[in-house]
Amino acid sequence: MFGQVFIYNKKRGVAIMTNEELASQIITSIGGDSNVKSLTHCVTRLRFQLEDGTLFLKEQLEALTGVLGAQVKNGQYQVIVGTKVSKIYRIMVDQYPHFGMESNRPEPTDAKESIWSRLIGTLSAILIPSLPPVIGGGMLKGLIFLLTSLKLIDPVGGTYFILNLAGDAMFYFFPFLLAVSSAKRFRTNEYMALSLAGVLMYPTLLDAALQGKVANISFLSVIPIPVVNYSSSILPIILAVYLFSYLYRYLEKVIPSMITVIFTPLLSLMIIVPIMLFGIAPLGFYLGEYIAKGIEVLIDFSPLLAGFVIGGTRPLLVLTGMHHAVRPLTQQQIATFGFSTMGAMNFMSTMAQATAALAISLAINNKTMKQVALSSAFSGYLGVTEPALYGVLVKYRSAFIGAAVGGGIGGGIGASLGARALAPVMPSVLSFPVYLGEAAFGFLLAFVITIVSTFILTFLLSKGMDKKETAPLNPHSETKIKSPVSGQMYPIEEVDDDTFSKGLLGKGVAIKPEEDLIVSPVAGKVQLVFKTKHAIGLLADNGAEILIHVGLNTVELEGENFEVLCHEQQKVEVGTPLVRFDRAALVEAGYDDSVIMVIANTDHFEEIAAYAKRKALTAMETIIQLKIKPI
């Protein structure tokens with residue numbers, strides 16, 4: 001892993017890191033604060049938009065104490081830190097206020113990214129910001145149900161009315177929440193988007209829909225406007241804001257600046273509102289209704305099979321980011337039927353993941369992993385499964401199998417017995433009341449079976465099978481690093497890039513190349529090949545993690561003028577060709593063609609010394625000497 005960074009207590013020798021220190025190390029590992037365009041967060045993840053994605057050092061991030069995982073999904077660079085995410089986020093935004101500001105530039109897109117991936121990314125970006133009030137309201141609805149069931153509050157009294165009002169509001173006015181996040185996603189005016197939600201939720205229109213006495217309202221005497229109840233709906237407002245964003249930008253562009261502040265909003269409303277009410281909103285409404293009913297048909301056809309598949313595949317969906325596709329389906333079920341069967345299935349999977357981590361904590365002997373697994377199980381039962389998933393399940397195949405099978409069994413049994421969620425809440429032992437409506441017995445039985453089956457399977461598969469620790473650096477292996485290219489060596493401190501010159505990625509050297517071929521400076525294996533072809537990560541046999549970066553800002557070329565001659569996991573020797581590049585073309589295009597080589601895991605070595613600050617050198621000439629720390 002590139003650049004493991006730990007902070008040690010000198011008296012105890014145990015790795016410790018404060019939230020402030022972790023925030024600083026994360027920023028360092030993503031290329032510094034100047035590389036961050038914006039930052040948001042969800043329940044467990046920091047979500048970055050970066051200027052240069054090649055500076056996002058996944059292995060270095062995952063090596064940090066307190067980081068559970070790192071990944072790139074749908075143009076977002078995600079760092080998973082668990083339940084302390086809000087504290088880390090606040091530390092970063094307080095120190096760097098621009099992190100929390102929305103950029104006016106378009107979202108980065110990958111031309112090779114599939115339409116499905118873009119759709120999931122869009123839904124995720126829109127739905128995630130609305131989660132806090134939805135979670136809060138759902139939990140409150142569950143609490144109200146429990147209090148009324150125990151006859152602790154009067155269902156026709158004032159207390160019930162006020163609490164129910166607080167729990168219902170965010171669901172009833174859900175289009176308003178989605179209007180704001182949709183406007184941010186589609187880069188348009190948030191207040192205009194809110195006005196569109198206001199049209200959908202206009203009291204007269206809602207009353208007419210609820211009473212069912214009027215089917216249509218005539219517009220211009222010829223256009224029938226369907227009368228529909230859009231409260232709690234999802235797709236209508238998202239589709240409306242999406243179309244509005246294009247119209248609004250177009251009008252701002254073509255209307256003279258002196259009058260655009262008046263006529264752009266006026267014309268936008270005159271054009272978009274009829275189109276929205278006549279076509280877009282009804283289309284979104286009925287599409288959502290049919291999706292929910294289609295899911296229900298599949299579940300009714302074979303609830304056991306449907307529950308097993310949904311409950312068993314959720315860990316994989318979370319790992320791939322596909323679980324965001326399930327959230328709108330769950331919410332649509334509740335909007336259509338008043339309950340969600342998928343919500344109960346997701347609950348079983350969440351409990352299975354937490355239980356698998358608990359079983360691991362009892363089955364293995366590694367004291368450090370015991371603590372990690374136990375704490376992950378605790379947070380998992382509270383609804384936050386990322387610590388268990390990234391910290392335990394991906395490390396132990398037995399735990400992943402146990403969670404998948406146990407979650408599938410519980411989901412199948414729960415679906416067969418009619419288990420359901422009455423509100424879209426985070427699956428957690430704290431949200432139990434939400435599932436205790438009709439078919440409460442089926443839910444409780446499925447819950448018990450999930451816990452028992454997951455624990456037994458995981459424990460039996462894991463007993464005595466500790467994961468091997470990473471091998472220590474070999475003090476007897478070669479500690480000399482060769483030059484990857486012929487040219488003029490100069491101090492890395494003089495590189496015109498703070499990421500390298502300030503040593504943010506580690507100590508190293510810079511070379512002004514005199515040839516177009518980059519070769520391996522060590523014996524080892526290729527650990528990482530950047531998709532833009534301008535950088536290679538190597539893991540040397542002596543434990544050194546080496547990053548070779550060709551040119552400055554050459555990520556902008558997206559691979560043009562570069563040819564990769566190796567592949568990830570390939571074994572290499574000193575002199576093995578890695579990358580060929582068109583040096584003349586880089587210089588002609590105005591790029592600095594310097595080749596930078598850094599030792600990413602600098603902290604593993606007592607000393608990293610260049611043989612000279614400035615000198616002419618040839619490829620495979622020794623230029624760095626490593627001194628490994630004594631064990």
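Two strands pair if DSSP finds at least two bridges between them; strands (E, at least two residues) and helices (H or I, at least four) are DSSP runs, numbered from the N terminus. This is a predicted model: local features need pLDDT of at least 70, side-chain atom pairs count only at pLDDT 80 or more, and totals for chains, interfaces and linings use all residues. Residues are numbered from 1 along each chain as its sequence is written, and side-chain values use heavy atoms, leaving out hydrogens and water.

**Strands**
- β11 (residues 524–529) runs antiparallel to β12 (residues 535–540), and five bridges join them.
- Across this pair, Val526 stands opposite Leu538.
- The two strands form a hairpin with five residues between them, and Lys533 in the turn has a positive phi of about 70°.
- β11 is also joined, by two antiparallel bridges, to β15 (residues 571–572), where Val572 is the bridge partner of Gly524.

**Helix α18**
- Helix α18 (residues 440–462) has 23 residues and spans 33 Å from first to last C-alpha, close to the 33 Å expected at 1.5 Å a residue, a span taken as 1.5 Å times one less than the number of residues.
- Its buried residues (under 20% relative accessible area, 1.4 Å probe, protein chains only) include Phe443, Phe447 and Thr454.
- The buried residues of α18 pack against α14 (341–363) and α17 (397–416), with contact meaning heavy atoms within 4.5 Å.

**Nonpolar cores**
- A nonpolar core is a set of buried Ala, Val, Leu, Ile, Met, Phe, Trp, Tyr and Cys residues joined through side-chain atoms within 4.5 Å.
- The largest has 69 residues, and Ile237 and Phe347 are among those with the most contacts inside it.
- Apart from it lies another core of 34 residues, including Met489 and Val550.

Definitions and conventions
Buried < 20%, exposed > 50% of the residue type's maximum accessible area, 1.4 Å probe, protein only.
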